[in-house]
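Dear colleague,

I am passing on the structure below, together with an account of what was found in it. Please look through the sequence and the model before reading the notes that follow.

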Amino acid sequence: MSALLEVSGLEVHYGGIQAVKGIDLRVNQGELVTLIGANGAGKTSTLKALAGLLRPAAGQIRFAGQSLVGMPVHQLIRNGLALVPEGRGVFPRLTVAENLMMGAYVRRDADGIIADLERMYGLFERLHERREQKAGTLSGGEQQMLAIGRALMGRPRMLLLDEPSMGLAPLMVQKIIGVIRQVANEGMTVLLVEQNARLALQAAERAYVMEGGRISFEDTAQACLNDPRVRAAYLGE
Amino acid sequence: MKLRPLLFGLALVAVLALPFLTDLALGRSWVRLLDFALLYAMLALGLNIVVGYAGLLDLGYVAFYAVGAYLYAMLASPHIGMHLPLWVLLPGGALLAAAFGALLGAPTLGLRGDYLAIVTMGFGEIIRIFLRNLNVTNGPAGIDLIDPIQLGNFSFSATHRLFGLVIPGIYNYYFLFLGLTVLIVLMSRRLEGSRIGRAWAAIREDEIAARAMGLNTKNLKLLAFAMGATFGGISGVLFAGFQGFVSPESFTMNESVMILCMVVLGGMGHLNGVLLGAILLAILPEAFRPLAQLQQQTFGEVYLDPASLRMLLFAVALIAVMILRPEGLWPSPVRKRELHASEEDNASTPDADPAPGGAA
């Protein structure tokens, strides 16, 4: 298996604070990998560095053989990396359909875009029902679906998901995790950064556990679920 | 649907007849007011690109108006003895204003909301203070004896006769400004529906997400500043030629705030609303003038300075509108786009899934 995303020795500083203290991480082609950890463990800083929103203090980020360090955010999708930002970030006063179309902004293949739009409507029936509605009027879960669908419209090679369960009702969280699972089953490579460890571990194949800016544990998701330390620290047992 | 062309025709006749009727009913000074209303309409449409489309709060927009006005004033007057024609100065003013727009945009790209508002306000003041203190702009005295607008042999300030109709200069300007306003409306409409317009909307709604979609937000914001400034520059050139005199006092922050009020009060991002807001706010202060006389008639004395009373009423009207209709007087309707015409027929297929011959 070849690594699509490979992070080595990544350090991120916030002012004087060292949020990420040198981590290694890899996501192979077609894998669904999760990065879990408590609040303040450095997950979000790691993701921001991956997405180009923060410049790392040290380390390498390679995606599909290319270095992402210093690459502006708007170039990511052109290179195949789609970010689903924290808090979903749908365009509230644009319709669902317009939101989805924005996801395909960098593409020029009109036929392919229309085909993908239909594919999204097949994947997310709710979005099809509400396609003419303003995105701001959707429920939190529907907005998350829209954010994921919109990211997929850019035909990425990999999805970066930032806390997709945040602020959602438990039932909706299950649904979203199901959607992510389904997207991954269709061959999409996914890095899921998530605070809700139990859910993330149920969905993912492999997991990295972050603690105090370092990776404290990495294994298959199943092994993490069975590990007494992970269970004690993150699964509340 | 023969109603639309009919309505359009009626509206056209009304708009063309407006200066004549206004003159008859209210007098010539009101025609002049109409001319100014159209200049404000162009300004508001320009600011609408920055504020309404791209969501960038600009409190120094009048600077671009000033840039256009001073360009014309300096290069078409005895001031330095140059008398360049309009067809050079109008595009020139548009370009120069666009350059100034980019100049304002470049250092403020990382700023948002209130921070951006403060910097743009400062920019507007800097331009005004420069105009006030430079020698080339003749300082606080301003520039006088500016050439009236002329195209070929046609002078807009002169009275012409057409089919027995007497058309004074003030009408000519009305028609010129009207034509350019229509042109700017059409350009705005095209921009709004374009790829760039959609990108501006995305930036307005969520900048991080817009960047994640692959939008180069820096360039797009610069473009919004430059495009918006262009219309301000055009309006400024026309203003200088129409007024015949410019001074830094025409370009105070009050003007920027007034133009912003037009955009917000009318309905940000919606062309009809912005037009309505501009024309209403340009005319309202004047419409309140008789009220000052009413005061004297009723009380026999002037208690409140008429000018202050006028602005007080104006402010009350503004506040009332914003409380009663926070979305603006004429906000944009729920847009129904034909984006999905092709999906409509597919919508029913999932329901039709159970095979008709299900008995097997």
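**Helix packing in chain B**

In chain B, α3(B) passes α5(B) in a left-handed crossing. Please keep in mind throughout that this is a predicted model. Helix α3 of chain B covers residues 62–75 and helix α5 of chain B covers residues 113–133, and their axes come within 8 Å and cross at roughly 30°. Angles under 35 degrees count as roughly parallel, and that makes α3(B) roughly parallel to α5(B). On the α3(B) side the contact is made by B:Val62, B:Ala63, B:Ala66 and B:Tyr70, while α5(B) brings B:Phe123, B:Gly124, B:Ile127, B:Arg128 and B:Leu131. Sorted by class, the residues of this contact of α3(B) with α5(B) comprise 7 nonpolar, 1 polar and 1 charged.

Helix α3(B) also packs against helix α4 of chain B, which runs over residues 86–105, at an angle of about 140° and with the axes 9 Å apart. The two helices, α3(B) and α4(B), are therefore oblique to each other, and their crossing is right-handed. From α3(B) the contact draws on B:Ala63, B:Phe64, B:Val67, B:Gly68, B:Leu71, B:Tyr72 and B:Leu75, and from α4(B) on B:Leu89, B:Gly92, B:Gly93, B:Leu96, B:Ala97, B:Phe100 and B:Gly101. This contact of α3(B) with α4(B) has 10 nonpolar and 4 polar residues, and no charged residues. You will find B:Ala63 listed in the contact with α5(B) and listed again in the contact with α4(B).

A further pair in chain B is formed by helix α2, residues 28–53, and helix α11, residues 271–287, which pack at an angle of about 135° with their axes 8 Å apart. That angle makes α2(B) oblique to α11(B), and α2(B) passes α11(B) in a right-handed crossing. Here B:Leu33, B:Phe36, B:Ala37, B:Tyr40, B:Ala41, B:Ala44, B:Leu45, B:Asn48 and B:Gly52 of α2(B) meet residues of α11(B), namely B:Val274, B:Leu275, B:Gly277, B:Ala278, B:Ile279, B:Ala282, B:Ile283 and B:Glu286. The contact of α2(B) with α11(B) divides into 13 nonpolar, 3 polar and 1 charged residues.

**Chain A as a whole**

Chain A contains 10 helices and 10 strands. Its radius of gyration is 17 Å, close to the 18 Å that the globule rule gives for 237 residues, so chain A is as compact as a globular protein of that length. The C-alpha trace of chain A spans about 45 × 40 × 35 Å along its principal axes, and 51% of the 237 residues of chain A count as buried. When the contacts in chain A between residues at least 6 apart in sequence are considered, 66% of them join residues at least 24 apart.

**Where the chains meet**

The contact between the chains takes 26 residues from chain A and 22 residues from chain B. On the side of chain A that touches chain B, the elements giving two or more residues are α2 (73–76), β6 (81–84), α3 (96–103) and α4 (110–123) of chain A. Of these, α3(A) gives the most, with 5 residues. By class, the side of chain A that touches chain B consists of 15 nonpolar, 5 polar and 6 charged residues.

With best wishes

Technical notes:
Residues numbered from 1 in each chain as written. Chains lettered and ligands numbered in written order. Predicted model: local features only at pLDDT ≥ 70, side-chain atom pairs only at ≥ 80, totals over all residues. Helix = DSSP H or I, 4+ residues; strand = E, 2+ residues; numbered from the N terminus. Rg over C-alpha atoms; globule rule 2.2 N^0.38 Å. Buried ≥ 20, exposed ≤ 12 C-beta atoms within 10 Å, placed from the backbone. Contact = placed C-beta atoms within 7 Å. Nonpolar A, V, L, I, M, F, W, Y, C, P; charged D, E, K, R; others polar. Axes fitted to C-alpha atoms, helices over the stretch in contact; angles between N-to-C directions. Parallel < 35°, antiparallel > 145°, perpendicular 65-115°, else oblique. Left-handed = near helix turned anticlockwise from the far one by under 90°.
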